[in-house]
Amino acid sequence: IILSYGEKPNGIPLIYIKNNENIGIGGTRKKLVARSGGDAISFLSSDDEWLPEFLEKMEKYDIMHPDEILFSGNILEQDGKQIITGWQQLPSHEDFCMAVIESAKNYRMFVNFSSVFIPKMAFEKCKFRSEYRIGEDLMYLLESALIHNIHYRYIPHALIRYKVHKNMTTQIKGFG
């Protein structure tokens, strides 16, 4: 499907990676980051959808907050209903870290990794770990915020759509 869009839909270069063997999502993301050439990286899970204004809004906020990892609100579709979910910009980095810890204790994650916009320099400090076959996004969130002191900024717009369904890895593994 991704190849049907061409190499640069809307002027945005796409990188298609097909692994010869299953190296897990952590290994694949690490490989993608190493091959990318842009100033920022965003990931899109196969069952999520960016709204048309996703990149435009993220680039706008990135100009104001170039050293922070940005993340947006979401439109959640479940049981035929749409719910706008979001967060708030917490008063401090310490408050954000406490929210991350509380969320992780319950095997939850309030930052949907399809909504992140990560400056490339963040990967110089914190990398995805190949050994994580699930939960690589939660581990990246924990390590980047708590160990490497990278700040996250909430963008107060619902910029992605995702569906909760029984075949989601987070549902299958009991993290949903």
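How many salt bridges does the structure contain? In this predicted model, the count comes to eight salt bridges. One of them joins Glu136 to Arg29, with the closest N and O atoms 3.2 Å apart; this pair links distant parts of the chain, since Glu136 belongs to helix α5 and Arg29 to helix α1, 107 residues apart, and both residues are buried.

A further salt bridge is formed between Glu77 and Lys163, whose closest N and O atoms are 3.9 Å apart, and here strand β3, which holds Glu77, is linked to strand β6, which holds Lys163, across 86 residues of the chain. Glu77 counts as buried because its relative accessibility is 17%, whereas Lys163, at 46%, is partly exposed. Both residues take part in a network of salt bridges that also includes Glu49 and Arg161. Within helix α3 (residues 93-105), Lys105 and Glu102 are three residues apart, about one turn of the helix, and their closest N and O atoms lie 2.9 Å apart in a salt bridge; Lys105 is exposed at 54% relative accessibility, while Glu102 is partly exposed at 39%.

Regarding backbone geometry, most residues other than glycine have a negative phi. Asp79, in the loop between β3 (69-78) and β4 (81-85), has a positive phi near 55° and is exposed, with a relative accessible area of 71%. Asn149, in the loop between α5 (136-147) and β6 (152-163), has a positive phi near 60° and is partly exposed at 46% relative accessibility.

On the surface, Ile1, Ile2, Leu3, Tyr5, Leu14 and Tyr16 form a nonpolar patch with about 690 Å² of accessible area together. Of these residues, Leu14 lies in the segment before α1 (24-35) and is partly exposed, with a relative accessible area of 35%.

Methods. Residues are numbered from 1 along each chain as its sequence is written. This is a predicted model: local features need pLDDT of at least 70, side-chain atom pairs count only at pLDDT 80 or more; totals for chains, interfaces and linings use all residues. Side-chain values use heavy atoms; hydrogens and water are left out. Patches are made of residues with over 30% relative accessible area and no salt bridge: like charges are joined within 9 Å, nonpolar side chains (Val, Leu, Ile, Met, Phe, Trp, Tyr) within 5 Å. Accessible areas come from the Shrake-Rupley method with a 1.4 Å probe; for residues, only the protein chains shown count as cover. A salt bridge is a side-chain nitrogen of Lys or Arg within 4 Å of a carboxyl oxygen of Asp or Glu. Helices (H or I, at least four residues) and strands (E, at least two) are DSSP runs, numbered from the N terminus. Buried means under 20% relative accessible area, exposed over 50%, partly exposed in between (1.4 Å probe, protein chains only).
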